[in-house]
Amino acid sequence: MSNEKDSTYSQGYHPAITANHRQRRVEVEGAFVLPHLHPTDKILDVGCGPGTITIGFAKRVPEGSVTGVDLSQAVLDQALAFNTEAESPATNVTFEIGNVLDGLKYADDTFDIVFCSQTLLHIPEPVKALKEMRRVCKPGGFIAARESDFPFRWYPYLPGLQIADKYIYEQVMGATSLPHPQSPPLQPNARCGSLVHVWAREAGFDPAKMKKGVGADVRASEEERKFWAGMWLGRLDQGGMKDTWRKLGATEEEFEILRKDIQAWEANVDGWHAILQAEVICWK
């Protein structure tokens, strides 16, 4: 599994899909890591996607370097373009094809920090991935992970949004029903955020050397609702999501309800959406 054709990542890399990923910034997704950075750090970003967090890290370690790895050349091209088109491009960042489950090409103890965000939830063997991340991390360094804990939280929770959650869950998580937040985790990674520190312990990290925290991504303002609704409609119309969900059993009637209720949620002054994000730092 060294390229996107062989990937288990089910969402794809169309710009309509990665539009949300391009909104991610180190000041939010990497905020829990920033206090621990040094100017000379050498950082690896696993599953870097379109590179916005990766480039943000690069600007925080001016005497160091950052490498972003991902399965897809298409998304790495987006990352390169994002950096090239920036007002002040980072000169200490590189992007390379890599698959953490196949074994990264880097020697043992190469990086001061190994980071991932919304990556382990898409990996069928997260403990194996964390072991490989640990291998390339220097003694005294750390790995840092920020991972979602499903299900989504919506208000109002309209029927179309319930349909969306159902098929997101089936597509991304391989599960066939939404759990209660306190129910046992469904496999493969339905409760990734709740389990990431457990997986890290199983990968060889000492629980006494972990820092565990939590954050949240919230869309509630008029501008945020407009972006989030547009992103989901773009995924439906352009990103291939409709074809994927049809294979899971979605009907045209469900798509009509989904479209109507996404627009209704966007227009609702009380509209609110949140994703719980677990954050863990594990020192080696």
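**Exercise 1.** How many bridges join strand β5 to β7, and in which direction do the two strands run?

*Solution.* The model is predicted, with local features requiring pLDDT of at least 70, side-chain atom pairs counting only at pLDDT 80 or more, and totals for chains, interfaces and linings using all residues. Residues are numbered from 1 along each chain as its sequence is written, and side-chain values use heavy atoms, without hydrogens and water.

Step 1. Strands are DSSP runs of E, at least two residues, and helices are runs of H or I, at least four residues, both numbered from the N terminus. Two strands pair if DSSP finds at least two bridges between them.

Step 2. Strand β5 (residues 137–155) is joined to β7 by eleven bridges, and the two run antiparallel. In this pairing, Phe 142 stands opposite Trp 283 in β7.

**Exercise 2.** Classify the ring pair of Phe 142 and Trp 283.

*Solution.* Step 1. Rings of Phe, Tyr and Trp (its six-membered ring) pair if their centres lie within 6.5 Å; planes under 30 degrees apart are stacked, over 60 edge-to-face, the rest tilted.

Step 2. Among the eight aromatic pairs found in the whole structure, Phe 57 and Phe 115 are edge-to-face, at 5.0 Å centre to centre and 70 degrees between the planes.

Step 3. For Phe 142 and Trp 283, the centres are 5.6 Å apart and the planes at 55 degrees, so this pair is tilted. Phe 142 in strand β5 and Trp 283 in strand β7 are 141 residues apart.

**Exercise 3.** Is Phe 142 buried or exposed?

*Solution.* Buried means under 20% relative accessible area, exposed over 50%, and partly exposed in between (1.4 Å probe, protein chains only). With 4%, Phe 142 is buried, whereas Trp 283, with 28%, is partly exposed.
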